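Student: Could you walk me through this structure before my class? I would like to go slowly.

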Amino acid sequence: MLSKEEHIARLIFLHVQGMTDNAQEKELNEWRSVSPRHEELFQRMLSSEYVEKSISRFVKTEEEKERGWRQLQQKARSGRSVRKIKWFPYAAAIVLILSVGGVFYFFGDKEQAEILPVAKYEVQLPGSRAVLILPDGRKVDLENEVLRSDLAQSDSLLLISTRSLKYRDIDSPDTTEVFHTLEIPRGGEYLLTLSDGTIIYLNSESTLSFPVKFQGKERKVYLTGEAYFKVAKNTEHPFVVTAGELEVLVTGTTFGVRAYKDEKDIQTTLESGQVTVRVEGKSVKLVPNKQVLFNKLTMGVEVRDVDVDLYLAWADGRLVYDNCPLEKILTDLGRWYNIDVFYSRDELRSYQFSLNMKKHEEFIQVLELIGKTGEVQFEVKDNTVIVR
C-alpha cells in the first residue's frame, strides 16, 4: 500500500505524463487546493531543474556507490532489490520534494511558522570506527593506522583496512574456539567478514563477539546493538545470532537484527532466505519481508509484514523513516552523529516525520531539513541538540 506522499507523487507523475483519468485529476486538484503550500510544491515539481537537483541530493550516484563501501555494495547488497524508487528517478524525486527536501510532517496543513536557521556547530562526522578486543583483554583502535599495521603483522589471520576487518579461514589442528570482540562506538560503523565468509555490517554503538575460527555444530556469534548479516551458506553448520534472550538460526540468508540494551524490543527483519527465531521456549519461522518483534518487558512475540527498507536501508547508506516519532529518529541520529538530545517539551517527542536521506549527510543539514516544517526548532550546544 502506498504511503500518503507516494500516492500524491504517483498522481503528479501521471499528470506530467498526461496519463491521469478524470478521477485522478480531480483528486490531485483537490490536494492542490487544500493549501497554498501544496500548490507551491506542485509548481516546484513541474520544474525539471528542481527535480534534477533533488535527485542528485537524495539518490546515490554511481561514483558514490563505488567509493568507500565497495566491498559492502558488491557482496552484502548482491541480490537485494531496489525499493522506494517505484516508477523511475523523476517519480522518486517527486516523493522527496513532497517531503520538503526529504522530510514530511504528518500533522495536517497548518500555517507554517517562521523557520529559524540552525546555529552552526562542529559535530563529529560519522565514519569507520571500531575497537577490536583480543582474548587477553587488549584493545586495538582500528582507526589508528599504526596499531592496525602492528596487529596485521602479528596475526596472519587478519586482513585490516580503514573500513573493514576480514578473518582468513586457515586449517588448524586446534579445536578450541578463540573469541574476538568488535566494538563500534557512537558515530561509527564497520564491516566485518568472518572466517566462514559471512559478512556483517555493524551499526553505531554495537558490539559483536565471535570465534576467530568456528568449531562444533553451530556457528554462534553474540550481538548487542544493530547489525546486517549476509550469512555464508552451510546447511551442516547453522549460523546462530544470540541477542539477549533471543536467538536467530540461519543456514544462509540476509537479515538484520536490532538489539540495543536501552530499547524495549529486539527486532529481526528478514530480507532474503529463511530464519528461525527462538526465544523463551518459542520458535518462529520467518519468510522475506517479515519481522519478528520481541518485547523484552512482556516477553511477547509478534510477527508482522514490514517494508524492509525502513529497517535495513542504513546498511545501504541511507536513513529512511516513514511517519516515525521524532524521538525515534533523533535517537538513531544521536548514535550516528554521537550527539545527545534534550527536549524542551515532552510532546515534541511524539511529533511524526518521514525522512529519506544519505547516511553521511552533514548533521546540521539534517536538522535544517526537519526544521523546514516550521513545527520544531533546534539549537546545538556542546554536542547536545535542544529541541524546541
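Predicted model: local features only at pLDDT ≥ 70, side-chain atom pairs only at ≥ 80, totals over all residues.

Student: Which residues touch the most other members of the largest nonpolar core?
Tutor: They are Leu132, Leu182, Phe229, Phe239 and Phe255, in a core of 43 residues. A nonpolar core is a set of buried Ala, Val, Leu, Ile, Met, Phe, Trp, Tyr and Cys residues joined through side-chain atoms within 4.5 Å.

Student: Which strand gives the most to this core?
Tutor: That is strand 11 (residues 219-230), which gives 4 residues. Apart from this core lies another one, of 35 residues, with Val306, Leu330, Leu355 and Val376 among them.

Student: Back to Leu132, what is it in contact with, leaving aside neighbours within four places in sequence?
Tutor: Its contacts (heavy atoms within 4.5 Å) include Val140, Leu151, Tyr167, Leu182 and Phe210.

Student: New topic: how many salt bridges does the structure hold?
Tutor: It holds 26, each being a side-chain nitrogen of Lys or Arg within 4 Å of a carboxyl oxygen of Asp or Glu. In general, side chains of opposite charge can pair when their charged atoms come close.

Student: Take the one between Glu263 and Arg258; are these residues buried or exposed?
Tutor: Their side chains meet at 2.7 Å, N to O, and Glu263 counts as buried because its relative accessibility is 18%, as does Arg258 at 7%. Salt bridges that share partners join both of them into one network, whose members also include Arg186, Glu205 and Asp340.

Student: Where are Glu327 and Arg349 in the chain?
Tutor: These two meet in a salt bridge of 2.8 Å, N to O, and the pair links distant parts of the chain, with Glu327 in helix 10 (residues 326-337) and Arg349 in the loop between strand 21 (340-343) and strand 22 (352-358), 22 residues apart. Glu327 counts as partly exposed at 32% relative accessibility, and Arg349 also counts as partly exposed, at 29%.

Student: Last one, which residues of helix 2 are buried?
Tutor: In helix 2 (residues 22-34), the buried residues are Gln24, Leu28, Trp31 and Arg32. They lie on the same side of helix 2 because they cover an arc of only 100° around the axis, the arc being that of the directions from the helix axis to the C-beta atoms.

Student: Why can residues three or four places apart point the same way?
Tutor: An α-helix has 3.6 residues a turn, so residues with that spacing point the same way.

Student: What is on the face turned away from the buried side of helix 2?
Tutor: That face carries the exposed residues Asn22, Ala23, Lys26, Ser33 and Val34.

Conventions. Residues numbered from 1 in each chain as written. Heavy atoms only, no water. Buried < 20%, exposed > 50% of the residue type's maximum accessible area, 1.4 Å probe, protein only. Helix = DSSP H or I, 4+ residues; strand = E, 2+ residues; numbered from the N terminus. Expected span 1.5 Å × (residues − 1).
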